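Trainee: I would like to learn how to read contacts, strands, cores and cavities in a model. Could you take me through them one by one?

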Amino acid sequence: MNWKMVFTLLLVGVLSGCAHTEYVQVSAIKAKDATTQYKKFAIVSDRYQPVNDDLNFAEYARQVAVVLNQQGYVQVKNQQDAEVLISLSYRVSEPQVHTEIVNTPVYPRVGPFYGSRFGYYPYPMLGYPAYEPMVYQSIVYRKLIRIQSIDAGIYHKDKTVKPLWDVLIVSNNDNGDLRYMFPYMLVAAQPYIGQDSQHSVTVSVDEQDPAVLNLKAIK
């Protein structure tokens with residue numbers, strides 16, 4: 001058996017035993033005058049209203065509450081008792097065709113031979129790969145979660161929205177199931193809640209991460 005084939009089979013075996021990893025983009029921003037003392041929160045829709053008739057929203061909100069609790073926030077039952085309102089919104093795009101062109105090495109077999117005054121050599125030269133552009137297409141779903149914190153006191157007073165911090169979480173892969181991806185996306189965003197990431201950052205999250213497993217168990 002060709003040694004390159006042996007190496008490939010061994011590599012595939014090793015990779016197949018590895019835990020699956022999801023890659024998530026996180027972009028967080030914080031208001032310059034945002035106070036860090038406001039910790040009592042209530043989760044609302046992107047219109048800053050309670051949502052009581054949506055089972056999916058309720059499940060996602062419970063996961064968000066767990067992550068916020070781990071960041072020192074305390075959930076209150078009555079929205080009027082909240083110091084901050086946490087606006088939660090999410091969506092999944094229609095399937096999109098993703099096209100990628102990759103220069104792939106091609107290792108030719110020996111021959112044909114060509115002659116020269118230096119002797120006969122295989123063409124192309126053995127051991128030196130040629131590169132051919134290969135077109136790969138896949139179906140990708142763009143999943144977005146937005147978590148925004150606003151000053152509850154100001155909003156309750158005159159409906160003025162004063163943002164304190166905002167986190168946008170994006171996942172692009174072939175999985176269109178937001179319920180599956182939600183825990184990964186929240187775990188990726190957790191360190192950036194209430195912070196400023198300065199730019200979009202890519203975070204890798206392992207499927208065996210205890211934080212992911214904990215959120216998956218929440219229903």
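Mentor: Let's start with contact, which means heavy atoms within 4.5 Å. A note on the source: this is a predicted model, where local features need pLDDT of at least 70, side-chain atom pairs count only at pLDDT 80 or more, and totals for chains, interfaces and linings use all residues. Residues are numbered from 1 along each chain as its sequence is written, and side-chain values use heavy atoms, with hydrogens and water left out.

Trainee: Which residues is Ser89 in contact with, leaving aside neighbours within four places in sequence?

Mentor: Ser89 contacts Asp46, Leu144, Ile145 and Arg146.

Trainee: Is Ser89 buried or exposed?

Mentor: Buried means under 20% relative accessible area, exposed over 50%, and partly exposed in between (1.4 Å probe, protein chains only). Ser89 counts as buried because its relative accessibility is 18%.

Trainee: Where does Ser89 lie among the strands?

Mentor: Helices (H or I, at least four residues) and strands (E, at least two) are DSSP runs, numbered from the N terminus. Ser89 belongs to strand E4. Two strands pair if DSSP finds at least two bridges between them. E4 (residues 84-92) runs antiparallel to strand E8 (residues 130-151), with 9 bridges joining them; Tyr90 faces Ile145 of E8. E4 also pairs with E2 in the parallel sense, over 4 bridges, and there Phe41 has Val84 as its bridge partner.

Trainee: How should I read a nonpolar core?

Mentor: In soluble globular proteins, nonpolar side chains tend to be buried together. Here a nonpolar core is a set of buried Ala, Val, Leu, Ile, Met, Phe, Trp, Tyr and Cys residues joined through side-chain atoms within 4.5 Å. The largest one holds 39 residues, of which Val26, Ile43, Leu88, Ile147, Trp165 and Ile169 touch the most other members. Helix H4 (residues 178-189) supplies the largest share of this core, 9 residues. Another core, of 9 residues, lies apart from it and includes Ala42, Val44, Ile150 and Ala152.

Trainee: What does Trp165 touch, not counting residues up to four places away in sequence?

Mentor: Its contacts include Ile29, Leu68, Tyr73, Ile86, Ile147 and Ile193, and also Lys30, Gln148, Ser149 and Gly194.

Trainee: And how do I tell a pocket from a cavity?

Mentor: On a 1 Å grid over the protein atoms alone, a cavity is a set of points where a 1.4 Å probe fits but cannot get out, while a pocket is an open set with protein on both sides within 12 Å along at least five of seven lines; lining residues have an atom within 4 Å of a point. Grid points are joined across faces, edges and corners, and a volume is the space filled by probe spheres set on the points. The largest pocket holds about 290 Å³. It has 18 lining residues, with Ile43, Val51, Asn52, Phe57 and Gln75 the closest to its centre. H2 gives the most to that lining, 5 residues.

Trainee: Which residues lie nearest the centre of the second largest pocket?

Mentor: Thr36, Lys39, Tyr73, Trp165 and Gly194, out of 15 lining residues. The space in this second largest pocket is about 160 Å³.

Trainee: How many cavities of 30 Å³ or more are there?

Mentor: The count is 1, and the largest cavity has a volume of about 40 Å³. Val66, Val67, Gln70, Val187, Gln190, Ala211, Asn214 and Leu215 line it. Helix H2 (55-70) and helix H5 (210-216) are the elements that give two or more residues to this lining.
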